[in-house]
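Reader: Could you take me closely through a single part of this model, the open sheet and what lies against it? I would like the terms spelled out as you go.

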Amino acid sequence: MAKTVDFDLVVIGSGPGGYTAAIRAAQLSMKVACIEKELKLGGTCLRVGCIPSKTLLEATEKLATARDRFSHIGIQCENVRLDLPVLMGRKDQVVSTLANGIAALFKKNKIERIVGSAAFTSPKTLKVTSSTGERTVSAAKFLIATGSAPVELPNLKFNGKHIISSDQAIALDRVPEKMVVIGAGAIGLELSSVWSRLGTKVTVLEIYHTTLPGADEEMSKLMERTLVQQGITFHFEVQATGVKEDKNGLRVRYAPKEVKPGSGATESELAADVILVAVGRKAYTDGLNLTAAGIKTDARGRISINQAFQTSTPDIFAIGDVVGGAMLAHKAEEEGIAAVELMAGKAGHVDYGTIPLVVYTAPELAWVGKTQEELTAQGVKFRIGKFRFTANSRAMCMDEAHGLVKILADEYSDRVLGVHILGPQASSLIAEAVMAMAMGASSEDIARTCHAHPSLPEAIREAALGVEGRTINS
Ligand code: NAI
């Protein structure tokens, strides 16, 4: 029989969404290729995002604990010092090991890895360009998983040296004396934590009135207080208006958010060695030549898709940061798997109401479901259960008795609508809440489930008991 196309599915992008989708497609007996322009597989998350930042967060948290808190628990250690080249070298090693792991998974699943930049030449064909030449690739179906890129501020353009994005902020070769961070979102807070722990004086400029717009406000404010105690300075409801560089060094200008940039009068200045701009990310479709394939985007450049992840060209699918919704690795993974399962005629599905969000500060903030503000705005009647980690014995043993669990449950059905945790290992604790919500649990279901003692998850059970005003330990 004459050959029609090279592959059943070509995935463009090897981030958590793309590589997971490629593996699932191979499991479903498709002939799969994955095109990636970078030499390392893994996308933003693995190369310059989640994994390097979490490696730095873990290491710097250990350093800060040893330096600032060990004596409090009876361990004296002198000369706790930073070795930045070793710290950064280990981070690079973690990234390489995991990237090689994906390459091995591709081999195991017989997925062809194609290195180069993909550009559509028609709805059925792509041209892949690399340093070694060009190649045309055809497929029955394509999945675009090209992710996102940092948003640039017009008056603070990235220069890779002093005005940087998170890509560079995870790889500085010295500890800056002063850093100004624009944006108190997940990236701003995590990287502020890293550098502040290493001795940098960090000041965060945020246009909103507290940290993390979109999070439950009580938790955002608790987070703000915690980070202030850790030495980070915040200026809220301000925007950066420009940057000045002269013989005295670099200075960021900023003004109350309602002031027009450049109007001068009410502007203030902050000295900085490095300015990290972390004001969000935008869909990345550069060079894909979407029009050749008839693919439509929305006003913000995101690829428009239907509920089956199909673009305006039905055999071309898109998932992850390049489409709408939360820009999270695990959301992209869920979508990648669902998209491929739908292509194969299976019942792929993403439960967008139970996607957890985590900010890896110390303590961590994690949540799933609705915030108190969202429920109030929607007119939903709900009850609140709360429990503080100060009353959790395991957190006390760990010397990490800070933070709060807050559960929001429907007033009539008691169904859990949202769970918010600021506390030790919140990124792991939230899994119980996600499972409970995915199963449609009530707060009473959690309250009647036996939790090991002493353990951190007991705080979740206590908060669930709190919905009925019957916590035991507070
Ligand atoms: P973000 O959207 O989470 O936060 C950006 C912050 O910048 C917001 O607080 C916003 O109010 C503020 N802002 C916007 N324009 C501003 C201006 N001109 N001046 C001052 N403040 C301004 O974006 P971020 O932190 O850059 O992260 C990008 C994406 O990556 C997000 O979707 C985030 O969820 C995701 N991400 C997730 C992580 C996690 O799950 N742990 C870690 C890192 C990123």
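Author: E8 pairs with strand E15 (residues 274-277) in the parallel sense over two bridges, where strands are DSSP runs of E with at least two residues and helices are runs of H or I with at least four, numbered from the N terminus, and two strands pair if DSSP finds at least two bridges between them. Within this pairing, Ile164 has Leu276 of E15 as its bridge partner. The model is a predicted one, in which local features need pLDDT of at least 70 and side-chain atom pairs count only at pLDDT 80 or more, while totals for chains, interfaces and linings use all residues. Residues are numbered from 1 along each chain as its sequence is written, and side-chain values use heavy atoms, with hydrogens and water left out.

The two strands belong to an open sheet of five, with parallel pairing and the order E8-E15-E9-E10-E11. Strand E8 (163-164) and strand E11 (233-236) are the edges, and each has a single partner strand, so one side of each is left without a neighbour in the sheet.

Helix H6 (residues 186-197) lies across strand E9 (178-182), strand E10 (201-206), E11 and E15. The helix runs at about 165° to E10, an angle taken between N-to-C directions on a scale from 0 to 180 degrees, with axes fitted to C-alpha atoms and, for helices, over the stretch in contact, contact being heavy atoms within 4.5 Å.
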